[in-house]
Amino acid sequence: MKIRWPAWALLALGLVLGIFAGHEWAAPAELWSALTERDTLRARLLWEWRMPRVLAAACVGAQLGLSGAVFQGVFRNPLAEPYLLGASGGAALGATVALLVPLGLPQSWLLPVLAFAGAWGATLLVLGVARVAGALDAAGMLLAGVAMAAMLGAIRSFLMLALSDETVSLQVVMSWVLGGIQTPTWSGLGWMALITLGCLAATQTLARGLDLLGLGDAAAQSFGLDVARFVPRAVLLGSLVVAAAVAYGGLVAFVGLAAPHIARWWVGPLHRWVLPASALAGAVIVTLADAIARSVLPPAEVPLGLITAVAGGPFFIALLARRLRSHGGRA
C-alpha cells in the first residue's frame with residue numbers, strides 16, 4: 001500500500017505554514033520576494049533563517065519518525081519510543097559539555113557533534129552492558145537502558161551544578177534539553193537532507209526483518225532470520241538515526257512514539273511502507289509544532305519539546321487505554 005497524496009499534502013501544508021509563521025507572520029509578497037529577488041532585509045531573513053529552519057524541522061521529524069518505527073518493530077511494543085536505550089541521556093550530557101565546558105571550538109559545530117556522540121555512545125554502552133550481563137534480548141537491553149539513562153542524568157546534573165556560574169548558562173542547557181531546532185545554513189541543510197535520505201535507505205534494509213520479528217522469535221528463525229544478530233544491528237541503526245535527530249533538534253518528546261502509529265493508519269503494518277510513512281508523519285508533526293513554538297508567544301519562543309509533549313501526552317494516554325482494552329486490562 002503506497003503513501004497516498006493527502007499525506008504529502010499535509011507535509012506541503014506544514015512547510016508552507018512553517019515558512020509563514022513566526023514572531024511576525026510573513027505575507028505572500030514577502031515570501032515571493034525571498035524566493036526571487038531578496039532585495040529587502042525581511043526577504044533575506046526569510047531566505048537565510050526561516051526557510052532553512054522549517055526544512056531542518058522536517059528532517060529532524062523524519063529522523064524521529066524513522067527511529068520510532070524501528071524501535072517499535074524491534075521491541076514489538078507500540079509504546080516504544082526512540083529514547084528507550086539512553087540516547088536522550090547521552091545526548092543531553094554531550095550538549096551540557098558543549099555548552100558549559102570551554103573547549104576552544106565553535107559551539108555551533110561542537111553542540112551537534114557532542115550531542116550525536118553522546119546519544120550514539122550511550123546506546124553502545126547499553127549494548128555492551130547487556131552483552132556482558134548475558135542479556136542481549138529486548139528485556140535486557142531495556143533494563144540496561146533505564147540504568148544508563150539514570151547514571152547519565154546524574155552526571156549531567158552534577159556538571160550543571162559544578163560548571164555553571166550563572167543562571168544564563170543553566171537556561172541555555174535547559175532550553176536545549178527541552179528541544180528546539182537549530183537553524184542550519186543552506187549547505188548544512190543539504191547535509192541534513194542527505195543524512196535523512198541515508199537513514200531512510202539504511203532502515204529500509206531492516207523492513208523484512210522487522211516484519212518477521214513481529215511474528216515472534218521462533219517464527220522469525222524458521223523463516224531464516226538470525227534474531228540474535230538482527231536485534232542488536234537494528235537497535236544500533238535506530239539509535240544512529242535518533243542521534244542524528246537530537247544533534248540538531250534536542251530532545252523532542254513523543255514524535256517517535258506517535259509517528260509510526262499514524263503511519264500504520266495510512267499504509268498498514270508492513271514496514272516497507274511504515275518506515276517512509278513514519279518519516280513523513282514525523283516531518284509533518286515537527287514542522288507544525290515548530291511553527292506553533294515560534295508564533296504562539298511572540299517575541300519569545302516556546303521550546304519545541306513542550307509543544308510536542310502537550311500534544312503527545314493525551315495521544316499516549318489514549319494509546320495506552322486502547323492497548324489495555326484490547327488486552328483485557330493488561331499492558
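Colleague: Where in the chain is Gly268 found?

Modeller: Gly268 is in the loop between H12 and H13. Helices here are DSSP runs (H or I, at least four residues; strands are E runs of at least two), numbered from the N terminus. Keep in mind that this is a predicted model: local features need pLDDT of at least 70, side-chain atom pairs count only at pLDDT 80 or more, and totals for chains, interfaces and linings use all residues. Residues are numbered from 1 along each chain as its sequence is written, and side-chain values use heavy atoms, leaving out hydrogens and water.

Colleague: Why does Gly268 count as buried?

Modeller: Its relative accessibility is 17%. Buried means under 20% relative accessible area, exposed means over 50%, and partly exposed is in between (1.4 Å probe, protein chains only). At 17%, Gly268 therefore falls in the buried class.

Colleague: And how far is the C-alpha atom of Gly268 from that of Lys2?

Modeller: They're separated by 9.5 Å, although the two residues are 266 apart along the chain.

Colleague: What makes His261 buried?

Modeller: His261 has 8% relative accessibility, so it lands under the 20% limit. His261 sits in helix H12.

Colleague: Which residues is His261 in contact with, leaving aside its neighbours within four places in sequence?

Modeller: Gln72, Pro78, Phe315 and Leu319. Contact means heavy atoms within 4.5 Å. As for Ile285, 24 residues along the chain from His261, the C-alpha atoms of those two are 13 Å apart.

Colleague: Why are H3 and H12 called roughly perpendicular?

Modeller: Their axes cross at roughly 75° and come within 7 Å. Axes are lines fitted to C-alpha atoms, for helices over the stretch in contact, and angles run from 0 to 180 degrees between N-to-C directions. Under 35 degrees is roughly parallel, over 145 roughly antiparallel, 65 to 115 roughly perpendicular, and the rest oblique. The 75° crossing belongs in the 65 to 115 range, which means H3 is roughly perpendicular to H12.

Colleague: Which residues of H3 and H12 make that contact?

Modeller: From H3, Gly61, Leu64, Gly65, Gly68, Ala69 and Gln72; from H12, Val255, Gly256, Leu257, Ala259, Pro260, His261 and Arg264. They divide into 6 nonpolar, 6 polar and 1 charged. The classes are simple: Ala, Val, Leu, Ile, Met, Phe, Trp, Tyr, Cys and Pro are nonpolar, Asp, Glu, Lys and Arg are charged, and the others, Gly among them, are polar.

Colleague: How do you know that H8 and H11 are roughly antiparallel?

Modeller: H8 (residues 186-204) and H11 (residues 227-249) pack at about 160°, with axes 10 Å apart. That angle is over 145, so H8 is roughly antiparallel to H11. The contact involves Met192, Ile195, Cys199, Ala202 and Thr203 of H8, with Leu237, Val241, Ala244 and Tyr248 of H11. By class, that's 8 nonpolar, 1 polar and no charged.

Colleague: Which hand does the crossing of H8 and H11 have?

Modeller: Left-handed. A crossing is left-handed if the near helix is turned anticlockwise from the far one by less than a right angle, and right-handed if clockwise.

Colleague: What is the phi of Arg76?

Modeller: Arg76 has a positive phi of about 50° although it is not a glycine. Most residues other than glycine have a negative phi, and most peptide bonds are trans. Arg76 is in the loop between H3 (41-75) and H4 (87-100).

Colleague: Why is Arg76 called partly exposed?

Modeller: Its relative accessible area is 36%, so it falls between the 20% and 50% limits. Phe254, in the loop between H11 and H12 (255-267), has a positive phi too, about 70°. At 26%, Phe254 is partly exposed as well.

Colleague: Where is there a cis peptide bond?

Modeller: Between Pro298 and Pro299, with omega about 0°. Pro299 is in the loop between H13 (271-295) and H14 (304-326).
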